[in-house]
Amino acid sequence: MVKVPAAAVAASGLVGGYAVARWTGKRPLGGVALAAAGGVAAYEWNRQAGPRAAAGLAAAYVAAFAGSHPLAKKVGAWPAVFAVAGGMAAASWAVTRCPH
């Protein structure tokens, strides 16, 4: 089985969740995509770095989603989504790939 890094899953969840919501016009459907990717990422964070790291990264994932909304008012929706997705990927990589 091919391993997809949790950082990529988390970033894809933020971008994909927004894309689904925007293109279908159904925000709850985007929320399902966001939550599904977040669940997969959280599982991997827990497996790779333990429950404390997973909880912290899950909180960061939710904060990135929430933070994209006010940021979008300043820079636009897509730039905001890509910015928080990049930040989330970097945080995930730092926690799961760097030696503890």
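This is a predicted model: local features need pLDDT of at least 70, side-chain atom pairs count only at pLDDT 80 or more; totals for chains, interfaces and linings use all residues.
Me: Happy to start with α3: how far apart are its end C-alpha atoms, and what span should its residues give?
Reply: Helix α3 has 25 residues, and at 1.5 Å a residue these should span 36 Å. The value from the model agrees with that expectation. The end C-alpha atoms of α3 are apart by 34 Å.

Me: Which helices do the buried residues of α3 pack against?
Reply: The buried residues of α3 include A53, A54, L57 and Y61. A64 and S68 of α3 are buried as well. Their packing partners are α1, α2 and α4.

Me: Thanks! Which residue follows α3, and what is its phi?
Reply: The residue after α3 is G76. Its phi is positive, near 105 degrees.

Me: Now the rings: what kind of aromatic pair do W45 and Y61 form?
Reply: The ring centres of W45 and Y61 lie 6.5 Å apart, with 70 degrees between the planes. W45 lies in helix α2 and Y61 in helix α3, so the pair ties together parts that are 16 residues apart in sequence. Planes over 60 degrees apart count as edge-to-face. The pair W45 and Y61 is therefore edge-to-face.

Me: Nice. Is W23 buried or exposed?
Reply: A residue over 50% relative accessible area is exposed. W78 is partly exposed at 23%. W23 has 65% relative accessibility, so W23 counts as exposed.

Me: Which residues form one aromatic cluster with W23 and W78?
Reply: The cluster holds both of these tryptophans.

Me: Last one: which element gives the most to the lining of the largest pocket?
Reply: The largest pocket has a volume of about 400 Å³. Of its 17 lining residues, those closest to the centre are Y18, A21, R27, F65 and H69. The elements giving two or more residues to the lining are α1, α2, α3 and α4. With 5 residues, the element that gives the most is α1.

Conventions. Residues are numbered from 1 along each chain as its sequence is written. Side-chain values use heavy atoms; hydrogens and water are left out. Buried means under 20% relative accessible area, exposed over 50%, partly exposed in between (1.4 Å probe, protein chains only). Rings of Phe, Tyr and Trp (its six-membered ring) pair if their centres lie within 6.5 Å; planes under 30 degrees apart count as stacked, over 60 as edge-to-face and the rest as tilted. Helices (H or I, at least four residues) and strands (E, at least two) are DSSP runs, numbered from the N terminus. The expected span of a helix is 1.5 Å times one less than its number of residues. Contact means heavy atoms within 4.5 Å. On a 1 Å grid over the protein atoms alone, a cavity is a set of points where a 1.4 Å probe fits but cannot get out, and a pocket is an open set with protein on both sides within 12 Å along at least five of seven lines; lining residues have an atom within 4 Å of a point. Grid points are joined across faces, edges and corners, and a volume is the space filled by probe spheres set on the points.
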